[in-house]
Amino acid sequence: MQKTPDDLQFYLEDTGGSGPPLLLIHAFPLNSQMWKPQLEGLAGSFRVLAPDLRGHGLTPPVPGVSTMDALAQDLHTILEQAGVLQPPILCGVSMGGYIALAFYRQFPGTVGGLILTATRATADSEAVKANRDKQMGLVHSGGVPALVEEMLPKMLSQETFRYNPGLVEQVRRIMLESSPEGIVAALLGMKERPDSTALLGQIPFPVLVVYGEDDAIVQNSEAEEMATQLDHGHLVSIPDAGHLLNLEQPVLFNQVVRDYQSILENFKLEST
Ligand code: MLT
């Protein structure tokens with residue numbers, strides 16, 4: 001467990017080791033357990049760190065709004081307390097990607113690489129904001145299970161629902177571990193997050209944009225567009241995967257992360 005200055009206890013998975021640090025930032029409303037295949041499969045190449053964000057998994061909620069900036073500050077504290085000295089690669093899925101961009105905006109010199117997975121740089125549209133209000137209503141009326149049943153069909157591809165019911169159950173269980181206060185705070189935070197599109201053009205190193213071809217939450221075109229707005233964007237699409245592509249295609253996803261590390265190393269060599 002990690003301690004922040006305001007005494008919030010964070011749950012953190014940390015494989016340790018001397019490899020380059022890789023910070024995995026989970027999607028909404030999941031937790032560090034969505035990174036099991038990466039914690040297992042990438043520990044030989046990286047020091048893999050995966051926290052539970054406020055109000056998710058084993059980390060308690062904080063009343064109010066979990067802004068993307070506040071969640072990014074939490075990550076900064078967690079990294080400091082874990083003794084991570086080398087700038088980490090930040091890999092965020094969906095809400096995790098919004099937080100990775102908020103982290104880069106606040107601490108640009110401390111980021112070694114960025115993997116934007118099934119995410120977008122844009123702010124919420126009015127329609128998405130209205131849907132967040134509906135989701136908050138669902139949590140108030142039916143608790144976390146009501147929200148989970150509404151969201152689950154969009155989190156995974158049709159293929160996964162058909163051929164991998166075990167994974168569907170695993171994702172449902174992880175989502176159910178979120179607290180109602182944490183969910184509402186994150187919905188409010190996502191709803192008020194700023195547009196980060198202008199930030200993309202300021203990132204001086206290669207950025208990986210990766211998406212599942214059957215994602216029902218982030219359109220393929222949004223990922224493609226984001227890659228064109230980066231000076232050094234690398235776009236990878238993963239077939240037979242939806243929103244949680246790291247769980248649906250773990251072998252392929254892990255290889256894409258290792259390849260990205262080589263891209264970063266070559267870029268550094270060429271720039272020196
Ligand atoms: C997520 O997977 O983190 C959420 O779907 C993101 C969102 O609701 O914008």
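A polar contact of 3.0 Å joins the side chains of Ser196 and Arg105. Such a contact is a pair of N or O atoms within 3.5 Å; within protein, one atom must be able to donate a hydrogen and the other to accept it, and residues adjacent in sequence count only if both atoms are side-chain atoms. The structure is a predicted model, in which local features need pLDDT of at least 70, side-chain atom pairs count only at pLDDT 80 or more, and totals for chains, interfaces and linings use all residues. Residues are numbered from 1 along each chain as its sequence is written, and side-chain values use heavy atoms, with hydrogens and water left out.

Ser196 belongs to the loop between helix 7 (180-191) and helix 8 (197-200). Helices (H or I, at least four residues) and strands (E, at least two) are DSSP runs, numbered from the N terminus. Ser196 counts as buried because its relative accessible area is 6%. Buried means under 20% relative accessible area, exposed means over 50%, and partly exposed lies in between (1.4 Å probe, protein chains only).

The ligand comes next. Around the ligand stand Ala27, Phe28, Ser94, Met95, Tyr98, Arg120, Arg132, Met155, Met190, Ile217 and His243. A residue is near a molecule if one of its heavy atoms lies within 4 Å of it. By class, this shell holds seven nonpolar, two polar and two charged residues. Ala, Val, Leu, Ile, Met, Phe, Trp, Tyr, Cys and Pro count as nonpolar; Asp, Glu, Lys and Arg count as charged; the others, Gly among them, count as polar.

A polar backbone atom of Phe28 is 2.7 Å from a ligand oxygen. For Met95, a backbone N or O atom lies 2.9 Å from an oxygen atom of the ligand. Tyr98 uses its side chain: an N or O atom there is 2.6 Å from a ligand oxygen. Taken alone, the ligand exposes 270 Å², and the protein buries 94% of that. These areas come from the Shrake-Rupley method with a 1.4 Å probe. Helix 3 (95-106) and helix 4 (126-155) are the elements that give two or more residues to the shell around the ligand.

Backbone geometry was also examined. Most residues other than glycine have a negative phi, and most peptide bonds are trans. The peptide bond from Phe28 to Pro29 is cis, with omega near -10°. Pro29 falls in the loop between strand 4 (21-25) and helix 1 (36-41). Ala118 is not a glycine, yet its phi is positive, near 45°. Ala118 lies in the loop between strand 7 (113-117) and helix 4. With a relative accessible area of 0%, Ala118 is buried. Asp240 also has a positive phi, near 55°. Asp240 is placed in the loop between strand 9 (233-238) and helix 10 (245-248). Its relative accessibility is 40%, so Asp240 counts as partly exposed.

Leu244 lies in the loop between strand 9 and helix 10. Leu244 counts as buried because its relative accessibility is 0%. Leu244 and Pro51 are 193 residues apart in sequence and 17 Å apart in space, C-alpha to C-alpha.

Thr59 sits in the loop between strand 5 (47-51) and helix 2 (68-81). Thr59 has 2% relative accessibility, so it counts as buried. Its side chain reaches the backbone oxygen of Asp52 at 2.7 Å.
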